[in-house]
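Reader: I want to learn how to read packing and interfaces in a model. Please take me through it feature by feature.

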There are 2 protein chains.
Amino acid sequence: MDKENIEKSENKCELQKILDIIGGKWSMSIIYALISDKKRFKELERMIPGISTRMLVKELKNMEENGIVTRTAFATVPPTVEYNLTPKGRKLEPIINELYKWGLEHIN
Amino acid sequence: MDKENIEKSENKCELQKILDIIGGKWSMSIIYALISDKKRFKELERMIPGISTRMLVKELKNMEENGIVTRTAFATVPPTVEYNLTPKGRKLEPIINELYKWGLEHIN
């Protein structure tokens, strides 16, 4: 393997790490839903058609662990939980917007 | 639902359509591997650690159907198949590069 290929291969693993964090079927949709403002769990669920409650819980937990979103619980009755983007998560906004523009131009 | 929310919701579905096409665990890695040049199936397999042959076949078929890659078969012995990005697929290059930069800055 020459130098260029080694670099490629390392980049590859890096990209794989990135995609493990934000390349899931739902994580970009969740980020997109949070771009305008923080949201309650129920609001997110309504904004993302097709996601199951279980999957939304799982994805949000994963994104919280990876520092993409914050989770704030309020001791209301019933309890409410709010999710917001961290500055790190918010930096994905232009990328998601570009992806969206690409889709508008190229998908049906 | 007010106008802004209806728009959000439509954007949401659009984004979901886009992510169905390129948001899979592997499709961005495949695009990344094809950015520098066309590749044979075996080369792609080597460049993407962790992908199974079956999954690579499936993803490439999906991407071919969606006009992201072209597939060219050569009647050699043994037969070889080459994959390349279409112009539409190549337009994803800056987005993937941005994603990669984000990752370098924000992951470990």
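**Helix packing, interface and cis bonds**

Author: Helix 2 (residues 27–35) of chain B packs against helix 6 (residues 93–106) of chain B at an angle of about 110 degrees, and their axes are 10 Å apart. Helices (H or I, at least four residues) and strands (E, at least two) are DSSP runs numbered from the N terminus. Axes are lines fitted to C-alpha atoms, for helices over the stretch in contact, and angles run from 0 to 180 degrees between N-to-C directions.

Reader: Are helix 2 and helix 6 of chain B roughly parallel or roughly perpendicular to each other?

Author: Under 35 degrees counts as roughly parallel, over 145 as roughly antiparallel, 65 to 115 as roughly perpendicular, and the rest as oblique. Helix 2 and helix 6 of chain B are therefore roughly perpendicular.

Reader: Which residues make the contact between these helices?

Author: Contact means heavy atoms within 4.5 Å. Helix 2 of chain B supplies Met28(B), Ile31(B), Tyr32(B) and Ile35(B), and helix 6 of chain B supplies Glu93(B), Ile96(B), Asn97(B) and Leu99(B). Six of these residues are nonpolar, one is polar and one is charged. The classes: Ala, Val, Leu, Ile, Met, Phe, Trp, Tyr, Cys and Pro are nonpolar, Asp, Glu, Lys and Arg are charged, and the others, Gly among them, are polar.

Reader: What should I know about the model's conventions?

Author: This is a predicted model, where local features need pLDDT of at least 70, side-chain atom pairs need 80 or more, and totals for chains, interfaces and linings use all residues. Residues are numbered from 1 along each chain, chains are lettered from A and ligands numbered from 1 in the order written, and side-chain values use heavy atoms, without hydrogens and water.

Reader: How much area do chain A and chain B bury between them?

Author: Interface size is often given as the accessible area lost when the parts come together. Here the probe is 1.4 Å and the loss is summed over both parts. Chain A and chain B bury about 4000 Å², 68% of it on carbon and sulfur atoms. Each chain's share of the contact is 40 residues from chain A and 40 residues from chain B.

Reader: How many salt bridges are there between chain A and chain B?

Author: A salt bridge is a side-chain nitrogen of Lys or Arg within 4 Å of a carboxyl oxygen of Asp or Glu. The count is two. One pairs Glu105(A) with Lys91(B) (3.5 Å, N to O).

Reader: Where is Pro78(A) found?

Author: Pro78(A) sits in the loop between strand 2 (69–74) and strand 3 (80–85) of chain A. A cis peptide bond joins Val77(A) to Pro78(A), with omega about -5 degrees.

Note on methods: Buried area = accessible area lost by both parts, 1.4 Å probe.
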